[in-house]
Amino acid sequence: MYLTARDPIVLNFNPFVAFNPDPKSEYNDQLTRATNMTVSAIRFLKTFRAGLLEPEVFHLNPAKSDTDTFKRLIRLVPSSLSWYGAYLVNAYPLDMSQYFRLFNSTRLPRPGRDELFTDDKARHLLVLRRGHFYVFDVLDQDGNIVSASEIQAHLKYILSDNSPPPKFPLAYLPTENRDTWAELRQKLVSGGNEETLRKVDSAVFCLCLDEFPIKDLVHLSHAMLHGDGTNCWFDKSFNLIIAKDGSAAVHFEHAWGDGVAVLRFINEVFKDSTQTPAITPRSQPASTDSSAAVQKLNFKLNDALKTGISAAKEKFDATMKTLTIDNIQFQRGGKEFLKKQKLSPDAVAQLAFQMAFLRQYGQTVATYESCSTAAFKHGRTETIRPASTFTKRCSEAFVREPSKHSAGELQQMMAECSRYHGELTKAAAMGQGFDRHLFALRYLAAAKGIVLPELYLDPAYAQINHNILSTSTLASPAVNIGGFAPVVPNGFGIGYAVHDNWIGCNVSSYPSRSAREFLQCVQKALEDMFDVMEGKSIKT
């Protein structure tokens, strides 16, 4: 699905997830944090490749299974039987087959269908700064991590390069339509850049060092989701972006994997870089010859490529101007309060989006919520469809006729929504959704040249797949905020998280919708629901 899509991957597919700042403020210095996060990322890579990374497990009864005693016991069981041992205590190992694509991987543009490339023998890091490309080894010939003081010295050397930005920044090319980019890449290869491109594609990952501090969460979202197009290699499996003030985020390409693998990486890197940092702000860089160790990559560009870069820049700038991002933090309560009310926190957030859209536009629309199917081998995602007859009835009661219902009746409606949302979530996680099933049948029909069944030509099918509300949630102590663009021109891209005591929501939109207004309606919906849960009447 992802690889055959021809739209540019920036905004249409690639999301970002931003880290919280290092709790020790002096460690947020750009050079210090870049060094520590790079070393932690390589430690993660080493742990994973050595087969020592703790498996991803979904614990239905964490009191029994998520304990040191159980982990010690299960280690003694042969791997062919350990799954059954976990199953007996309601612990379900999740698929981790995506993880190998985290590192040394890139999406390569090809006419008609892109391909994923991985070269796990490569030992170098790719660094982008001011639109320039640099590489240096972060693993030695024996596969050991290069000393942190050397990595620090090399990054310091790159940060001190005063070269002006290139006149034709190559990083604009992956922001193009995929077929256009495939054609231009072919020109790059035939123009004598094959070896240089290979270094970009095979690098362990891409570290982007930005020149500016972050002003606020809106600025952070724009910077990490798209930036100015010159300082991020959007085709790389992930870019670790670090701003001048140490604000950091992972921007990732979506074809190779999903949020589950990326979130695990983010959690481990945050924990390792903050709890066992490789260097301190007082650490001195190694006295090594960085000018010999760091290679600055130079690309040979002919007129056709320069024209291609200029055209890509023009399209990129024009598109980015149309994107608005805004956010709210609802402070009256979160997961803890909602669980005491016996309500699903996710159901309440989704209900708020339904109420908000109804208040703003007077209708219920197709809504998409992503759900991991990693409980299955090679599982990716299934769709939860949060808009239901239950949410419609409840939203209409809250928005259109609150005075006609007692607090008790409204609480009852919320409870019904929560129960049904729980059923939908469980069904999706267990592979019982309908979206992927129908998508696969449609794909098979097309592949075999069979006439499409009438269902796929029905306007209702088109409507439910035009997802005006596209939503996704990732909550973790390591994560500050995440986000993505709308998936349709008249939609909203809604990244949200229900924390212990507050709810965060980061929304993007194009000119036909107002993200600010939608968030005001989300705020109102949450206020109303919290009033009802506290037995108060709704303020009109």
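Predicted model: local features only at pLDDT ≥ 70, side-chain atom pairs only at ≥ 80, totals over all residues.

Modeller: Residues are numbered from 1 along each chain as its sequence is written, and side-chain values use heavy atoms, with hydrogens and water left out.

Colleague: How far apart are the end C-alpha atoms of helix H10?

Modeller: Helices (H or I, at least four residues) and strands (E, at least two) are DSSP runs numbered from the N terminus, and H10 covers residues 303-321. The expected span is 1.5 Å times one less than the number of residues, so the 19 residues of H10 should span 27 Å, and this agrees with the distance between its end C-alpha atoms, 27 Å.

Colleague: Within what arc do the buried residues of H10 fall?

Modeller: Buried means under 20% relative accessible area, exposed over 50% and partly exposed in between, with a 1.4 Å probe and protein chains only; in H10 the buried residues are Leu305, Gly308, Ile309, Ala312, Phe316 and Met320. They line one face of the helix, because seen down its axis (by the directions from the axis to the C-beta atoms) they fall within an arc of 100°.

Colleague: Which helix do the buried residues of H10 pack against?

Modeller: The face turned away from the buried side of H10 carries the exposed residues Asp303, Thr307, Glu314 and Lys321. On the buried side, where contact means heavy atoms within 4.5 Å, the packing partner is helix H6 (178-202).

Colleague: Is Leu11 buried or exposed?

Modeller: Most residues other than glycine have a negative phi. Leu11, in the segment before strand E1 (16-19), has a positive phi of about 70° although it is not a glycine. With a relative accessible area of 3%, Leu11 is buried.

Colleague: Is Lys342 buried or exposed?

Modeller: Lys342 lies in the loop between helix H11 (335-340) and helix H12 (345-361), and it also has a positive phi, of about 60°, without being a glycine. Its relative accessibility is 76%, so Lys342 counts as exposed.

Colleague: Which residues is His499 in contact with, leaving aside its neighbours within four places in sequence?

Modeller: His499 is found in the loop between strand E17 (492-498) and strand E18 (503-509), and its relative accessible area of 16% makes it buried. Once the neighbours within four places in sequence are set aside, its contacts are Gly334, Lys335 and Gly504.

Colleague: How much space lies in the largest cavity?

Modeller: On a 1 Å grid over the protein atoms alone, a cavity is a set of points where a 1.4 Å probe fits but cannot get out, and lining residues have an atom within 4 Å of a point. The structure holds four cavities of 30 Å³ or more, and the lining of the largest cavity includes Asp95, Tyr99 and Arg380. A volume is the space filled by probe spheres set on the points, which are joined across faces, edges and corners, and for the largest cavity this is about 60 Å³.

Colleague: Which helix gives the most to the lining of the second largest pocket?

Modeller: A pocket is an open set with protein on both sides within 12 Å along at least five of seven lines, and the second largest pocket holds about 350 Å³ of space. Its lining has 18 residues, with Arg264, Asn267, Glu268, Lys271 and Asp272 nearest the centre. Helix H1 (30-49) and helix H8 (259-275) each supply at least two lining residues, and the helix that gives the most, with seven residues, is H8.
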